[in-house]
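Colleague: I would like to learn how to read a structure such as this one, feature by feature. Could you show me the general idea each time and then the case at hand?

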Amino acid sequence: MRGGKPDEMDREPIREKLEPRLPARAQAVVVGAGVIGCAVAREITRYTPDVVVLDKENDVACGASKANNAEVHSGIGEEAGTLKQRLNVRGNHMYEGFVQGLGVEFKRQGLLIVVTPRSVPPEVAESMNPQQLDELLRVKIPEGIVAYGEAAGIRGLRILSREEVLKKEPNVTPEAVSGVFDPNYGLVCPYKLTIALAEHAVMNGARFLLNTEVTGFRVEGGEVRGVITSRGEIATPLVINAAGVFADEVAEMAGAGGFRIHPRKGATLLFDRQVTSEYVRSSVALFRMPGMKRERSKGGGAMPTVEGNLQLGPTAVEVDDKYDTSISAEEIEEIFERFHYLLPDFPKDAVISAFSGVRAPTYEEDFVIEASNRVKGFVNVAGIQSPGLASAPAIVEMVMGFLHELGIPREPRPDFRPVRPAIPRFAELDDQERDALIRKDPRWGNIICRCEYVTEAEVLAAIHSLIPATDMDGVKRRTRTGMGRCQGGFCGHRVAAILARELGRPVTEITKSGEGSPVYLAETKDFLRAERSGHGQG
Amino acid sequence: MRRKHAFTCINCPLSCALELTEEDGEVLEVTGHECEVGRRYAEEEFRDPRRTVTTTVRVRNGVIPQLPVVSTRPMPEALVREAVKALADVEVDAPVRDGQVIYRDLLGTGADIIAARRLDPRSRADEEG
Amino acid sequence: MVRVRRPDLVVIGAGPAGLGAALAACDAGLKDVMLIERDVELGGILPQCIHDGFGSIVFGETLTGPQYAQRYIDRLEKSDVEVKLNTMVLDLRPDRSLTAVNSRDGVMEIRPKAVILAMGCRERTRHQILIPGYRPAGVVCAGAAQRDINIEGLMPGRRVVILGSGDIGLIMARRFTLEGAEVEGVYEIMDHPGGLTRNLVQCLHDYDIPLHLSHTVTFIHGRKRVEAVTVSRVDENLKPVPGTERLVPCDTLVLSVGLIPENELSKRAGISLDPATGGPVVDERMETSVEGIFACGNVMNVFDLVDYVTHTAETAGRSAAEYVLQGIRKRGECLRVRPGRNVKFVVPQLLRGYGEEAHFYFRVSRPERAVRARLSSGDLLLAERKIRMVRPPEMVRLKADPERLKEALARGELDVQVVPEEETKGRQG
């Protein structure tokens with residue numbers, strides 16, 4: 001079983017990748033390694049390799065990019081005339097091209113908007129006679145939705161009868177009266193996409209400095225000169241602020257602010273895919289008349305993930321703390337209550353996980369994408385909440401417009417490498433392919449995660465990748481270890497042991513999600529031995 | 001001095017709530033038991049409660065890093081924590097035989113601590129794998 | 001190339017169930033038995049259950065988990081059973097063929113004549129009971145913590161709160177304490193403890209660990225590592241009572257909130273499952289709805305005693321051997337065993353009447369004193385046991401002889417019930 005690591009896995013010592021030196025200067029610095037920051041960085045590398053991405057966390061996609069519903073919206077839910085809607089509709093159209101070469105799955109599952117008597121406020125329903133109400137629910141609302149979408153440039157919307165709704169999604173409430181199917185809705189794993197974008201950028205010369213916090217900017221004569229970080233200073237004429245919920249604070253540091261982010265969290269329940277695969281085939285949402293929406297979220301819905309897990313959510317709760325990723329009992333109750341109506345017999349017992357993310361809206365609720373007119377060279381990409389994932393390609397396009405103006409060459413590099421090789425996923429291969437891989441490297445035959453069928457080879461690849469996974473969650477996001485129904489009960493210590501071995505650290509230093517989150521606190525007997533020696537001293 | 005002590009019988013699912021009355025260590029009365037087993041249990045738990053000690057000790061170069069061990073006979077309940085603490089510094093080398101004596105006459109109780117399983121050394125293949 | 005293997009019998013899982021089944025099949029004359037285990041060694045969870053109390057029925061003495069396992073491992077090593085460690089079964093199909101994988105053999109397509117399911121069970125996680133709060137490091141299931149401490153040599157916590165007073169929770173309360181950690185308390189949502197009295201006394205009482213009944217954890221605090229939990233009292237509907245919240249500082253929350261039979265492979269094979277047990281519906285030979293696939297141990301339902309696991313395993317092993325050696329036979333009509341008064345479920349669920357004695361295991365729905373457990377078919381009594389106290393955590397076993405079982409089959413009914421002692425007296429008098 002001896003043998004070197006597979007050649008594609010370790011091109012350089014991992015230490016070097018974990019703690020790269022801070023470059024003295026860069027043509028552009030991106031603050032924030034979420035999906036937007038990484039997408040912008042990747043785009044910049046099409047023109048110049050000289051871009052640096054900074055993030056205070058130990059991995060990319062540590063904010064909202066890891067905790068959203070993976071949906072690529074069409075724009076149908078957005079307010080007409082907003083920047084958000086325009087970029088969403090355009091971003092959605094651009095998605096196939098956006099993910100091309102990244103090795104990330106993207107599929108268009110569509111959205112089914114269901115119209116039921118609960119789609120209108122009770123007082124409206126009561127003021128009508130049954131025929132009028134039926135006319136409203138069966139004809140007028142669906143026609144209105146289609147007209148609204150078409151005006152925004154959304155194509156392919158289709159009105160469905162009750163029968164067609166129930167045929168398309170048999171688990172939907174029998175109270176459905178009609179529906180609209182929007183074929184443009186898509187699914188993409190948001191953190192896999194972010195990781196892929198980051199790695200694609202690295203392949204093309206970008207440098208990622210994680211665990212590096214921005215503390216200020218050097219601005220001289222109204223122009224950006226550099227970024228000051230917890231690890232030193234980088235001279236640069238160009239900063240792209242993609243700091244998510246912290247974008248307002250980062251902008252203030254440069255004097256390029258003028259907007260405030262107020263965090264709003266959203267909780268989602270995730271179900272066992274063995275139970276819920278095909279439970280809903282498209283995303284499903286209950287139509288609610290404008291003004292009925294809960295808070296200011298887009299109402300949420302039921303949707304599959306790319307992997308086939310059913311998701312229900314998200315909620316929308318204003319919070320004070322930008323780090324508040326907790327889930328309250330009230331939110332759980334709200335989700336159950338809401339979806340009990342839309343999907344009367346959804347499999348409650350098959351919940352395997354619940355997660356919460358913090359959205360980054362401004363008070364205007366629209367995206368703030370601008371080249372600062374106060375600080376030259378400072379570009380804000382802020383207020384990016386849902387549908388930020390869907391809008392990403394169009395956001396990048398818009399940002400690049402500014403960046404070209406500000407000095408990023410307009411000429412594409414001839415040496416840009418268009419394809420990021422993805423690590424195969426054992427679970428998705430057929431038996432012949434699996435067998436062939438094991439013959440080459442036996443670690444493809446060592447299953448680490450028994451729920452998701454993740455092999456040792458995949459865990460190693462994640463740790464030795466261009467953006468190395470250095471903790472349990474990092475490995476989990478890249479490989480799906482611990483994402484199944486046992487939630488890491490089987491693989492937890494196995495993954496920790498591999499991380500320890502590969503990073504050359506004791507297992508007791510392995511963390512769940514960066515500093516301060518050790519998985520194990522000591523070795524067995526350590527407490528007792530310490531007590532004994534403590535007695536000796538005392 | 002006369003005192004009362006409460007016990008819960010563990011010998012059957014009835015879980016009788018036992019009450020033992022003693023005077024200067026002499027058992028006067030047991031109440032609450034449904035059978036003789038319960039009465040005897042209360043007296044034992046009062047006079048000389050005993051427990052089998054089970055814990056692990058560190059093992060060097062084994063297939064796993066901890067070896068489960070067990071006392072060859074029940075030990076006084078009051079000594080269990082001390083017994084486990086005393087074993088915290090013990091380290092053995094693989095291979096270990098099932099039943100191999102790891103520690104003799106722990107805390108002068110006459111009970112030996114033995115290996116509760118066979119533990120093979122880590123093979124070269126394991127190290128390389 | 002994917003290798004094709006054609007053993008007589010494949011046993012999936014090498015815990016007490018798989019070990020017992022493989023050995024029983026060998027003893028019954030099967031030559032070519034393959035035992036597949038995904039872990040690095042044999043024994044399932046027994047090697048981590050270092051406490052004593054195993055084997056009083058099978059061996060007439062109490063052993064620790066590793067000792068119990070060692071007896072079977074020793075026998076297995078002398079047998080002809082082919083053991084595949086570090087091997088994962090990826091798929092099981094209704095035609096009994098399966099796909100397994102390991103580093104050495106690669107992908108194996110295995111087409112045995114019979115299969116025994118012995119995959120055991122897994123733990124319920126925090127999300128299955130939906131505890132609100134953050135998702136920090138330091139929330140672990142009791143069985144996983146047991147493995148960490150006793151096998152991997154790692155302490156997952158120092159200041160511990162335990163949710164759930166099932167036996168594993170109680171045993172881990174003692175184990176953490178003995179290893180120098182501090183157990184703040186055990187919290188149980190029900191108004192009665194989940195574990196055996198023996199464990200309440202010897203794991204909690206001996207160490208002055210408080211047990212808080214009718215309490216649950218209502219929030220997990222700490223973004224990176226657990227910093228505290230909020231506990232609340234619950235009302236009779238098990239809903240937290242507002243105003244009873246209390247913050248308990250800790251670095252670890254250990255969950256002992258239930259076990260679930262591991263039947264993902266059974267589902268793939270199209271085997272009928274019993275919603276009451278979470279495991280396959282089996283007959284008295286432990287054969288499932290798919291001919292030639294047998295089940296035993298905790299994959300059927302979560303047993304309280306390993307001795308019962310071994311018994312069902314031996315039945316499954318013997319039956320599978322006979323199935324293979326006698327070739328294809330037609331399965332008889334079957335009779336559904338009915339759970340009656342104060343009976344939550346019964347395994348096996350079906351009776352076919354093979355002319356052998358059979359054991360029926362059941363769990364009661366609620367505690368009851370002074371009862372008789374009865375297996376009957378109309379006025380024909382097949383088995384009866386007088387029991388002073390029955391409780392849901394403790395399973396009851398009844399044995400019936402072949403003649404009477406045959407008669408019950410002819411009558412077309414078989415019931416298991418728990419009746420109060422007075423009632424039986426009255427009727428007899």
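Modeller: Let us begin with strand pairing, where two strands count as paired if DSSP finds at least two bridges between them. Please keep in mind that this is a predicted model.

Colleague: Which strand of chain A pairs with β13(C), and in which sense?

Modeller: Strand β24 of chain A, residues 522-523, pairs with β13(C) in the antiparallel sense, and the pairing runs over two bridges. Within β13(C), C:Met155 is the residue that stands opposite A:Ala522.

Colleague: How many residues of chain C are in contact with chain A?

Modeller: On the chain C side there are 45 residues, and they are in contact with 48 residues of chain A. Among the elements that give two or more residues to this side of chain C are β7 (88-92), α3 (142-152) and β13 (154-155), and α3(C) gives the most, with five residues. Sorted by class, the side of chain C that touches chain A has 18 nonpolar, 13 polar and 14 charged residues.

Colleague: Now a helix, please: which residues of α10(A) are buried?

Modeller: An α-helix has 3.6 residues a turn, so residues three or four places apart point the same way. In α10(A), the buried residues are A:Glu331, A:Ile335, A:Phe339 and A:Leu342. Because they cover an arc of only 50° around the axis, they lie on the same side of α10(A). The face turned away from that buried side carries A:Glu330, A:Glu333, A:Glu337 and A:Tyr341, which are exposed. Among the elements that cover the buried residues of α10(A) are β14 (264-271) and β17 (310-313) of chain A.

Colleague: Why does the length of α10(A) agree with what a helix of 14 residues should span?

Modeller: At 1.5 Å a residue, the 14 residues of α10(A), 329-342, should span 20 Å, and because the end C-alpha atoms are 20 Å apart, the two agree.

Colleague: And for a strand such as β14(A), which residues lie on each side?

Modeller: In a regular strand the side chains alternate between the two faces of the sheet. In β14(A), one side has A:Arg264, A:Gly266, A:Thr268 and A:Leu270, the other has A:Lys265, A:Ala267, A:Leu269 and A:Phe271, and all of these are buried.

Colleague: What does β14(A) pair with, and over how many bridges?

Modeller: One of its partners is strand β19 of chain A, residues 351-359, in the antiparallel sense over eight bridges, with A:Gly266 opposite A:Gly357. Another antiparallel partner of β14(A) is β17(A), over two bridges, where A:Leu312 is the bridge partner of A:Leu269.

Notes
Residues numbered from 1 in each chain as written. Chains lettered and ligands numbered in written order. Predicted model: local features only at pLDDT ≥ 70, side-chain atom pairs only at ≥ 80, totals over all residues. Helix = DSSP H or I, 4+ residues; strand = E, 2+ residues; numbered from the N terminus. Expected span 1.5 Å × (residues − 1). Buried ≥ 20, exposed ≤ 12 C-beta atoms within 10 Å, placed from the backbone. Arc of directions from axis to C-beta. Contact = placed C-beta atoms within 7 Å. Nonpolar A, V, L, I, M, F, W, Y, C, P; charged D, E, K, R; others polar.
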